[in-house]
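Welcome! Please take a moment to look over the sequence and the structure below; we will then walk through the way the parts meet.

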Amino acid sequence: MQPSRREDLRLIAGHGRYSSDWNLPNQLHASVLRSTHAAARIARIDTAPALAAPGVKAVLTHLDVERAGYKSIVGGVATKDKNGELMKKPFYPILATDRVCHVGQAVAFVVAETPEQAQDAVDLIEVEYEESPAIVTFADARAPGAPAVHADIPGNLSFVHEHGDEAKTAAAFAGAKFVTKVRVDSQRLICNPMEPRACLASFDAATGRYLLHAASQGLIAPRVHLQQITGVPATDIDLIVEDVGGSFGIRSSPYPEYMLSMLASKTLGVPVKWTGSRTDTFLSDYHGRALSLTGEVALDDKGNILAFRWEDEIDLGAYAGPFGAFIGTQNVSIMCGGVYRVPSVFVRSCLAYTNTTPVSSYRGAGRPDIAYAIERLIDQAAQEHGFDNLELRRRNFITPAEMPHTTAAGQTYDCGDFPAVLEHALKTVDWSGFPARRTQSEKRGKLRGIGLASYIEAAAAGAQPKDQTAARVAADGTITIYCMAGGSGQGHETTFVSVFAGVLDVAPDAIQYRASDPAFAMIGNGTGGSRTAAGQGSSFTLLAQALLAKARPHAAKALGVAEVSYAKGVFSGGGKSITLKDLARQVAPADAGTHPFDSEAEGSYGATYPNGCHIAEIEIDPDTGVTDLLRYVAVDDLGNILQPMIVEGQVHGGVAQGWGQMFGEHAVYDRESGQFLTASFMDYPMPRAGWLPNSGHFDRVPHPVPTKKNLLGAKGVGESGCSGSLPALMNAMMHAVRPAGVKELQMPVTPAVLWRALRDARAKAA
Amino acid sequence: MNKIEFTINGKKVATQVEGRTLLVNLIRDELKLTGTHVGCDTSQCGCCTIHLDGKSVKSCAMLAAQADGANIVTIEGMADGDKLHPVQQAFTECHGLQCGFCTPGMIMTAASILKDHPQPTEEQIVKGLEGNLCRCTGYINIIKSVHRAAELMKA
């Protein structure tokens, strides 16, 4: 049978190859000793008992890392503040030096003959910690007299980022008829891809090269970071990745265990494998979100938006993780006007260190957070000042006639039809029929609410200057295509082969696909920012055109004519024809050298602006605080859709992660001890089957307005589900509970939180 | 060390295991059947689900020694040569997988649900999948896949 996706056959048969599925002869196994304290000086580490344990070959500490000359883990932004200062950034060691700054920080790395021996030996390492007070929230970090996470960073303040026009915004607020202010927390989350991290490193002393198997989102960033940290040239690191069990943003750069496995392999002369557990995931994968946004909107008497003003509190964790500071500076700033015509904006973001696991990008990386804040603010403003929440949006939407539109935050939206998307969603959900449905719920003693969000996000242009692709043609005429992005469930293999084969007008089966092959030293973005289909996909379009252009003169020669035509994989001319594949075979060099059809292509594609309107309808059982999501409508302008089934899956997944953040997920640290309280699936509620509405109550409706910023007209989908769902769900929640007297809620709205809020509101009313 | 014998995917295996060795580690590390995955350390995620004597079992929650004499089927044993098991076919048809990491466990659990409930209700499917986590799909297409597998198996 034909699978729906090309990658499916191996994955449903158990033949996928994930990080921990790789093995090499004579490999040793590693285990990590992690800090049990949030803040402590390390007075002494004694590795001798561990070294003496059965099977143990090495115990690495920071001394070994320093001896090897390894540098700080790479992170932070190079942006300057208004005084021309760079962000304050501590050295981020691979293994803790003389102190630990968060629970779970790697302290030592044990290598033994079996994984069990390594784990046993970890427990034998003696570490003498001298504990000091820890701070685990932004507010505590910034409080006067707070303990310093890093002695040389006063007030734990890393950076203050400002964006927009402060004076103009202040003037707009001064002249406003109405002002509304909302604070929203986007709580710390654990990304939790289902595949825990693992790696296998092997140093070849003869060539000086490393083989490394470790999940990534693409080839370039991890290898560049590895080079910056270890000093090993990127081109000497063969990072081989096949299947990746989910990424969601946290796998774009290397983790300490990867460098430690490389170092141990070089030292011991055999391959070293590390297989992380879920506990390692919770403690040491970069965390997500962890920020609070306080927004104010200024309105005139008719409800026209005059300005937005934002004060953001960004918790970086203990160090500047790879993309943590990027979230708090760029991503929450550039889209801070949303889909609205806003004459003036101003954002001030404070980035602070806490004694917690460092934060990096997680599905949307600041974009869902700002979309959430804007749409909460609009609903709240409508509520406070007596505007209809639909009319307030309609009045302020940037209209198609105003496109392209450069926002006060400095982004140029090239296209989009926000008013039509809203109307489409309202019709799909039967918005006007809601009061009758609410009455039905009330009869059953339930609270019912409906909420919407008109979101927009910037799908990234990418950190690399361009996306290169390549095609290699084998002697048998088979074509293999390459790019630098790495998939982790997005179906790249299916999408890119289909794009390429589509231009060639041949069956996709004729094409092979290989991602992130280190043998190809190309430039290209890793997967991230919802940009890969548009960026790499466009480059694959060019690649197919380039290959055809190379083949055409050969076809003319083979057919003995001056001009050939091409259709459905066949060149024709002078009454004769030859297939592309036969031609490729004919002209293949006898020595298996470069095939004349081997091709390269590249393109640079700017940001696109996926947008949409999501609507959620919920019902609450006030006796239990349990919320049932009855209906979900996602009308999205994702531009042209390349693979409808895959795009639908991305929306489902994004909304599910939004659901998780809204109703349950929360990485909680104890405020006193700095201990991590929710570090397992027993304590951290992951969404489960049946918590989202089934396909009959989940309407996903495309409303494409194709962009001209790439060759495919695609805008990106990966993160839109989070951006739409957080505000839609919370607006529905507030709509449901406001009549019961609940004025404010923060995520996650667990049954316990909701039950308590309803009880307190009742008590207050009584 | 404990001497054990069992059948896995139709093949007889005789081996020695440490008392503490988990069944999943024996399957993955010694038998090299890496389709059975380890996604957690608290028996919550279900990525390691296999069939043991006809019942779905989390192979991380069992010692290898306990499998002595058992008949085990892993994801690699589900297809009949080139012919996919109907549950496997349904998962690809309905896009019930994205990254694929939870998928072997989902397929093994789904097959078990369908054994108990050949024409399952939505509730029976949801209840049956309670012990399997997925981070990619929102489960919508996984549930759809189980319904579809029921159809395929009836036909």
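The contact between the two chains takes 44 residues from chain A and 45 residues from chain B, where two residues are in contact if their C-beta atoms, placed from the backbone, lie within 7 Å. On the side of chain A that touches chain B, the elements giving two or more residues are α1 (8–12), α9 (278–284) and α18 (644–663) of chain A; α18(A) gives the most, with 6 residues. Helices (H or I, at least four residues) and strands (E, at least two) are DSSP runs, numbered from the N terminus. By class, this side of chain A has 19 nonpolar, 18 polar and 7 charged residues. Here Ala, Val, Leu, Ile, Met, Phe, Trp, Tyr, Cys and Pro count as nonpolar, Asp, Glu, Lys and Arg as charged, and the others, Gly among them, as polar.

A word on the model and its labels. This is a predicted model, in which local features need pLDDT of at least 70 and side-chain atom pairs count only at pLDDT 80 or more, while totals for chains, interfaces and linings use all residues. Residues are numbered from 1 along each chain as its sequence is written, and chains are lettered from A and ligands numbered from 1 in the order in which they are written.

Now let us look inside chain A. Chain A is divided into domain 1 (19–132 + 199–284), domain 2 (136–189 + 287–396), domain 3 (415–459 + 607–766) and domain 4 (467–603), with bounds from an automatic or database domain assignment. The C-alpha centres of domain 1 and domain 4 of chain A lie 39 Å apart, and 17 residues of domain 1 of chain A are in contact with 14 residues of domain 4 of chain A. On the domain 1 side of this contact, α7 (220–230) and β11 (237–239) of chain A each supply at least two residues.

Next, find helix α11 (residues 367–385) and helix α12 (residues 389–396) of chain A, which pack at an angle of about 120° with their axes 9 Å apart. Axes are lines fitted to C-alpha atoms, for helices over the stretch in contact, and angles run from 0 to 180 degrees between N-to-C directions. α11(A) and α12(A) are therefore oblique to each other, as angles under 35 degrees count as roughly parallel, over 145 as roughly antiparallel, 65 to 115 as roughly perpendicular and the rest as oblique. Ile378(A), Asp379(A), Ala381(A) and Ala382(A) in α11(A) meet Asn389(A), Leu392(A) and Arg393(A) in α12(A).
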